[in-house]
Amino acid sequence: MKRNPIFHQTRLRLAAWYTLVMGGILGLSSLGVYSVVAHAYYETIDQGLQSVANALHKSIEPAWQQPGQLQRLAKEFSLELCVGQTNCLPKRTSIKKSIKEATNPVNYYIRLLDRSGKLFASGGMKFDNFPITSKLQYWQILTDSSGTLYREITLPLYTQKQVSGYLQVARSITDLEQHLTYLRLALVLGLPISMIFVGLSSWWLAGRAMQPVYLSYRQMQQFTADAAHEFRTPLAAMYSTIEAAIKLQQEPKSNGRILDVLKRQNRRLSQLVGDLLLLTRIDQKELTGKYQYCCLNDLISDLIEELAFLAVETKVNLSKQVQVSEKLYVMGNEEQLYRLISNLIANAIQATSSGGKVTVFLEKIELYAMIKVEDTGIGIAVEHQQRIFDRFYRVDRDRSRTSGGSGLGLAIAIAIARTHKGNIHVQSQPGLGSIFTVRLPLSS
């Protein structure tokens, strides 16, 4: 395939398109995974932060703006009371011990604001460089002077059903950003690595997918070359015969021999064309002919009788052995089955030397009829047994030329067997002969 530029470029295009499509799918999938994970992280943080804020809100709101209660509240929650924002000491304080332990190691802070939004009390982590926001939104993300991000929730504090202050609880989302940074890094680095593996896999898969097409292309090339060679032989003979006829047209005695040669070559050419058309119809499943019950016993008996003359000419003993008492019927086209078995018997006779024998067996195994054509001929080497059913393939080209074979007999035989839901199996050893076994399903 590498030597053929068309298939090489096609394989490259297939691999490139597959890699491009898979890259887009992986990219969108990575974006989706990142969005889902980030959303899940934020949801978890918001739920935890809201739980802490609600718990504090239930404790703080009843004591809000009640005489003497704020000092007790500040002491209980370790809040730093501020007269103004500038009086708040920049020291690290802690929330109530139970809350601190529950939220460790996450950094939380609490701020109490009056109605105007000025800082009233604070506690938790150090935030001396942390801005006090003028926007009192329910949820917001803040950034301190060092660039650390915080997630903040603001809850209103009511006195006699009127807003009299605000409770702000926030936590650092540095841990979340670290997780998301690691996730982004894994996706960014993982995508190119995945694309490399996808590209290599695409190249391999494209080669695997195109292998049958390439084999068909090679078979078509071989078929064209062999067919051209087969046609060239009778056409060359006919041409030379016609040339001789023109030169010898004044000798009437030679016209008979010339016409015999033309007739013989024309018959050979017509048979070759007929075989090719038959194979084409089989490939396209356009075989015409009515399927009916065919008796294999009668068919084999007729073939033994009709091919006896060929066996006599080659001094080969042709016989049959029917190993079943009843008649075996298959559903099929009798003409095609005749062609199938006759091709096997004729090949066996041609492959058997003078004094050898060819035996046709008919037997039944479960729901199948088995037809075996056994000969004592030259046999077939193992490396040729897988290819003898290919079109125009000949083990011995010299012998087949002299005997007139074109290399289509076994190709036609196995094609007919397959159209009848059967198959052909060969067993052979060089010098010991061959056994061709046809397996056909019996009619029910």
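Which residues make a nonpolar surface patch of about 440 Å²? The patch is formed by Trp17, Leu20, Val21 and Ile25.

## Basis of the model

This is a predicted model, in which local features need pLDDT of at least 70 and side-chain atom pairs count only at pLDDT 80 or more, while totals for chains, interfaces and linings use all residues. Residues are numbered from 1 along each chain as its sequence is written, and side-chain values use heavy atoms, with hydrogens and water left out.

## The nonpolar patch

Patches are made of residues with over 30% relative accessible area and no salt bridge, nonpolar side chains (Val, Leu, Ile, Met, Phe, Trp, Tyr) being joined within 5 Å and like charges within 9 Å. The accessible areas come from the Shrake-Rupley method with a 1.4 Å probe, and for residues only the protein chains shown count as cover.

A surface patch of negative charge gathers Asp302, Glu305, Glu306 and Glu334, where Asp and Glu count as negative, Lys and Arg as positive, and His and the chain ends are not counted. The place of a charge is taken as NZ of Lys, CZ of Arg, CG of Asp or CD of Glu. Helix α6 (residues 296-306) supplies the largest share of this patch, 3 residues. Glu306 has its place in helix α6, and with a relative accessible area of 39% Glu306 is partly exposed.

The buried residues in α6 include Leu296, Asn297, Leu299, Ile300, Leu303 and Ile304. These residues cover an arc of only 165° around the axis, which puts them on the same side of α6; the arc is that of the directions from the helix axis to the C-beta atoms.

## Salt bridges

The whole structure holds 4 salt bridges, each defined as a side-chain nitrogen of Lys or Arg within 4 Å of a carboxyl oxygen of Asp or Glu. One of them joins the side chains of Arg151 and Asp46 at 2.9 Å, N to O. Because Arg151 lies in strand β5 (residues 149-159) and Asp46 in helix α1 (residues 5-60), the pair ties together parts that are 105 residues apart in sequence. Both Arg151 and Asp46 are buried.

Lys327 and Asp298 also meet through their side chains, at 3.2 Å, N to O. This pair links distant parts of the chain, with Lys327 in the loop between β8 (317-322) and β9 (329-332) and Asp298 in helix α6, 29 residues apart. Lys327 is partly exposed at 44% relative accessibility, and Asp298 is partly exposed at 37%. A further salt bridge, between Lys364 and Glu326, spans 3.8 Å, N to O. Here Lys364 is in strand β10 (residues 357-365) and Glu326 in the loop between β8 and β9, 38 residues apart. Lys364 is partly exposed at 40%, as is Glu326 at 35%.

## Helix α11

Helix α11 (residues 409-419) is largely enclosed by the rest of the structure, because 8 of its 11 residues are buried. Those buried residues are Leu410, Ala411, Ile412, Ala413, Ile414, Ala415, Ile416 and Ala417. Just after α11, Lys421 takes a positive phi of about 60°.

Key:
Helices (H or I, at least four residues) and strands (E, at least two) are DSSP runs, numbered from the N terminus. Buried means under 20% relative accessible area, exposed over 50%, partly exposed in between (1.4 Å probe, protein chains only).
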